[in-house]
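Hi there,

Here is the structure I promised to pass along. Have a look at it first, and my notes follow below.

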Amino acid sequence: MASMGNQIFNIQLNKNKRNFECSDNDSILDGGLRHGLSMRYECSNGTCGACKAKLVKGDIEKIKHHDYALTAEEIDNQEFLMCCHAPSSNLELELDLIGDVRLIPLQKIQTKIKDIRFVNENMAIVSLRTPRSKNLQFMAGQDVELNFKGVVSRYPIASCPCHGMELEFHIRNLDIDEFSQLIFSHKIKDKDKVNLTGPKGVFVLKETSDKPMVFIAWDGGFAPIRSLVEHAFSLEMPNPVYFYWAYPSVEPRPYFDNHAQSWNAVMDDYYYQPIACEFDRNSHNDCHKVAKQIYDSLNHDIVNQSEVYISAPAEVLIYLGEFLLENGLNDAQLIASPI
Ligand code: FES
């Protein structure tokens, strides 16, 4: 069927009871990824065959040549490649979404530094770009290893998978982190090549839960929380969102405070509370003090009926987890990631 141009169609995923809108200018794969769906794909250009789906109802149009050859059986079964086809009517499809992080293959991708922005002398926002033909497949909240000339560090991805080729990292200036030292001494610059290995970790959203979502970050623990919250937006999850962002009280506010506030504009049921914590980076005992200050700032009636996602240093996590579990939170409600 010939394209009418700029029409938006509804794509229904029969097995998964999910649907999304996709323009007839877009591949069905891009449309689904933009709506936060964990679709299987690797190359995005018709080479690998990973994005196969079955057309149950409706019409599609081929928008890109593909080298991958479907078998006669797959063609008979109405299978096609989502990265090379756009909708030309409303569609019903059958496909398997990635519901389990263990099913995502470990990928090695050579990326380029797109931009390094220093928020202050302690925090850098680093954007990497993957090649057009090799996006990183990951779930919001996961980590990767970055390797620059043999110096390797592991960081959570701060961007949502729906952002495609652009990956964002929030890197704190820490003496013990050699990679961060290369960033802050300007030895890693725009356009430098950085090898990425990942994704890793299981700090991911419970997409089918209807409970409110409480997110708690300590400082740079905001990075995976941002990825999770923006992924929840793109999925249009209706769950109320409560975000508590603890930060060192020597700083005037959390480093991306405006960004956390701006989520108010896109979510009806969003509550944000920064928590300034007194804290001495050189004192180990202060992790208990930080955990207590966070705990005392929470609305426990809400926390105890929510899914609670915490991203903080391991010692803070342990103390805060203990406080929460001793005071009414259930094990299964707690999803934690050390930074
Ligand atoms: S993602 Fe590789 S063929 Fe579509």
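What radius of gyration would a compact globule of 339 residues have, and what does the protein have? A globule with that number of residues would come out near 20 Å, and the protein has 21 Å, so the two agree. Please keep in mind that this is a predicted model.

On overall dimensions, the C-alpha atoms fill a box of roughly 65 × 50 × 30 Å along the principal axes. The protein contains eight helices and 18 strands. Of its 339 residues, 37% count as buried. If you take the contacts with a separation of 6 or more, 69% of them are between residues 24 or more positions apart.

The chain is divided into three parts: domain 1 covers 8-97, domain 2 covers 102-200 and domain 3 covers 213-338. Between the C-alpha centres of domain 1 and domain 2 there are 29 Å. Nine residues from domain 1 and nine residues from domain 2 make up the contact. On the domain 1 side, the residues touching domain 2 are three nonpolar, four polar and two charged.

I also looked at one residue in particular, Tyr-295, which is found in helix H6 (residues 286-297). Leaving aside residues up to four places away in sequence, Tyr-295 touches Leu-320 and Phe-323. Val-144 is 151 residues from Tyr-295 in sequence, and their C-alpha atoms are 29 Å apart in space.

Best wishes

Note on methods. Residues are numbered from 1 along each chain as its sequence is written. This is a predicted model: local features need pLDDT of at least 70, side-chain atom pairs count only at pLDDT 80 or more; totals for chains, interfaces and linings use all residues. Helices (H or I, at least four residues) and strands (E, at least two) are DSSP runs, numbered from the N terminus. The radius of gyration is taken over C-alpha atoms; the globule rule is 2.2 Å times the number of residues to the power 0.38. A residue is buried if 20 or more other C-beta atoms lie within 10 Å of its own, exposed if 12 or fewer, and partly exposed in between; C-beta atoms are placed from the backbone. Two residues are in contact if their C-beta atoms, placed from the backbone, lie within 7 Å. Domain bounds come from an automatic or database domain assignment. Ala, Val, Leu, Ile, Met, Phe, Trp, Tyr, Cys and Pro count as nonpolar, Asp, Glu, Lys and Arg as charged, and the others, Gly among them, as polar.
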